[in-house]
Amino acid sequence: MGGLARRVSYIKAFRLRSNSEVPALSVDAGNLFTDDRFSANQLPAEVMTKNKWVVKGYGDFHHDAANISYLDLPYLGELLKKEGFDKRLEEYPFIQRLVSANIHPMGDQHRELLPYVIREITLKRGAAGKKVRIGVVGFSEPKPTAPNGVETVYAGFRIDDPFEAAKKVLPELKGKTDFIVALAYMDMASAQRLATENPEIDTIIGARQTSSMDEPQHFNQATITYAYNQTKYLGELRVYVRGDGSAENQINRYVALDSTIPDDPSALDVVTAAHTEFTKEQSDNATAAASLRPSTLIGGGESPYVGVETCAGCHEKENEVWVNSRHGHAMATLEKKNQQFDNECVGCHVVGFQKGGFQSLYTTPQFANVQCEECHGPGRAHASNPGKGYGFVATPVGCMQCHKEPNDPHFDFAVYWPKIKH
Ligand code: HEC
Ligand code: HEC
Ligand code: HEC
Ligand code: HEC
């Protein structure tokens with residue numbers, strides 16, 4: 001959902017500014033769902049909730065199409081289940097705007113995806129009044145596995161060769177449309193091959209886990225551009241048409257979705273409602289975990305960490321600096337965002353997460369915030385037998401475990417250290 005409110009606001013403003021004279025489509029080249037904790041063929045409840053809000057958000061704000069990448073398959077399996085499909089579609093009509101020409105369900109419990117969608121727009125300039133049919137088709141590479149292998153069966157779906165699928169589907173689509181947009185979740189070399197082998201394609205919008213802001217490339221008939229990896233930038237591709245309605249030129253740019261772009265109020269309502277639901281879900285999970293294993297989790301004896309209260313007893317001066325630093329308030333920052341139970345956030349805002357320190361605000365509140373031992377290392381042994389030799393901090397690498405893209409792209413040790421020097 002990151003960036004949704006700003007993205008919606010930009011697109012609305014674009015439509016207003018261009019006086020609705022420039023028809024616009026909004027598409028996603030793949031990797032819209034969160035699947036990072038897909039294991040034992042199951043997604044955790046909170047990931048299901050996040051993804052549900054993604055399909056809802058995309059639908060509510062009129063995205064035209066999204067490509068399914070192999071990364072999206074675990075949740076797609078939930079959406080395409082035949083059981084209850086009609087009801088789901090009614091609730092999330094965007095399901096029918098998810099496309100892939102080379103991904104197919106393996107069993108008979110799932111519906112097939114549409115290979116493409118066709119949108120019709122009416123030109124207001126150039127060939128004013130002319131209707132143009134735009135075909136949007138999707139392709140994904142198979143799931144890469146280390147080293148250098150691929151998995152073509154994943155999460156109950158089969159990922160066919162995208163190049164063979166392209167040769168089958170594109171001539172058919174060409175017969176029905178005037179302009180073809182291929183959404184491609186694959187690397188640049190594969191996108192170039194797709195363009196080279198298929199003269200039907202007019203434009204390829206690619207995506208992958210890399211961030212590109214390059215100029216468009218031209219291969220065969222197609223222009224290739226890449227979407228930025230994070231939701232911090234919106235890619236805008238402009239297609240200029242000749243008097244006869246055919247495409248003359250394609251130019252791209254990347255719009256930073258920063259604080260200069262206001263949040264759209266209605267999209268912000270959706271994002272807020274989504275966050276409230278995640279937080280409740282995560283809080284319920286944390287409570288359930290606490291009731292399962294109460295005493296072992298309450299910090300206490302077994303943790304190699306002791307917490308800042310103990311350090312403060314002997315290191316008053318350092319504690320004074322810390323309490324007044326932002327590290328000392330990092331949990332409050334998450335609470336303001338209502339994301340204090342979000343495991344994708346807490347790791348960098350606490351001490352010893354997944355290392356015997358912080359687990360959740362219910363079981364280990366004493367380990368909230370970026371405490372001394374996050375930098376100096378677990379201090380139980382030192383606290384019971386104090387002396388020199390404990391607590392070496394490797395700088396700046398230690399800092400950069402957290403101070404890195406995308407949370408902090410501007411980290412500079414020489415500037416930051418003086419702010420927390422103690
Ligand atoms: C019981 C008192 C006590 C507690 C509790 C304590 N320390 Fe210390 N700490 C000391 C003493 C004494 C020294 C040695 C100071 C000296 O000789 O300069 C020291 C030294 C250090 C040093 C410098 C090591 C060096 O080689 O110069 C660091 C860093 C440090 N403590 C961090 C911590 C942290 C973090 C905690 C909490 C996990 C903590 N201390 C808890 C008493 C304590
Ligand atoms: C465990 C993750 C983590 C590590 C390691 C870490 N930081 Fe931070 N740092 C944070 C977080 C999170 C914040 C923001 C806290 C907030 O505002 O709620 C922050 C904020 C800061 C700020 C305030 C930034 C500002 O603009 O005022 C400074 C300065 C800083 N860190 C310096 C450092 C330095 C120097 C190191 C290494 C010695 C370091 N940090 C290591 C997580 C970390
Ligand atoms: C990889 C580590 C990391 C993760 C994961 C992380 N943060 Fe942070 N966060 C930081 C650091 C570092 C800073 C301090 C940035 C600075 O101001 O220099 C920070 C600062 C912040 C701030 C203050 C920013 C500001 O401009 O005032 C907020 C709010 C925040 N984080 C929320 C979140 C949320 C919400 C999540 C989960 C979606 C999250 N963080 C996940 C490391 C992280
Ligand atoms: C963001 C990381 C970070 C946090 C949090 C942090 N420290 Fe440090 N601390 C450092 C760094 C870096 C140094 C400088 C080490 C050096 O100069 O070699 C340092 C230095 C020290 C020293 C002096 C060591 C010496 O050799 O003189 C002590 C004592 C100390 N810290 C204790 C604490 C205590 C107690 C806390 C919590 C209240 C704390 N630190 C929190 C990173 C941190």
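Mentor: By class, the shell around ligand 4 comprises nine nonpolar, six polar and two charged residues. The model is a predicted one, and the shell is described on that basis. In total, 17 residues surround ligand 4. The closest of them are His315, Trp322, Cys372, Cys375 and Val393. Three helices each supply at least two residues of this shell: H9, spanning 308-314, H10, spanning 316-323, and H13, spanning 372-376. Of the contributing elements, H13 gives the most to the shell around ligand 4, namely four residues.

The surroundings of ligand 2 may be set beside this description. Here 22 residues surround the ligand, and the closest are Arg326, Thr333, Cys399, Cys402 and Lys419. Two or more residues of the shell around ligand 2 come from each of helix H11 (330-336), H13 and helix H15 (413-420). The largest share of the shell around ligand 2 is that of H15, with five residues. By class, the residues of this shell divide into eleven nonpolar, eight polar and three charged.

For context, the sheets are as follows. Six strands form an open sheet with mixed pairing, in the order E5-E6-E11-E12-E14-E13. Strand E5 (116-122) and strand E13 (217-219) each have a single partner strand, so each edge strand has one side without a neighbour in the sheet. On average, neighbouring strands of this sheet are turned by 25° against each other, direction ignored.

Helix H5 (residues 162-174) lies across E5, strand E6 (131-140) and strand E11 (179-185), and runs at about 165° to E6. Helix H6 (residues 188-197) lies across E6, E11, strand E12 (203-207), E13 and E14, and runs at about 160° to E12.

Another open sheet has three strands in the order E1-E2-E3, with parallel pairing. Its edge strands are E1 (27-28) and E3 (98-99), each pairing on one side only. E1 and strand E2 (residues 65-67) run parallel and are joined by two bridges, with Asp28 opposite Ala66 in E2.

How values were computed: Residues numbered from 1 in each chain as written. Chains lettered and ligands numbered in written order. Predicted model: local features only at pLDDT ≥ 70, side-chain atom pairs only at ≥ 80, totals over all residues. Near = placed C-beta within 6 Å. Nonpolar A, V, L, I, M, F, W, Y, C, P; charged D, E, K, R; others polar. Pairing = 2+ DSSP bridges. Axes fitted to C-alpha atoms, helices over the stretch in contact; angles between N-to-C directions. Contact = placed C-beta atoms within 7 Å.
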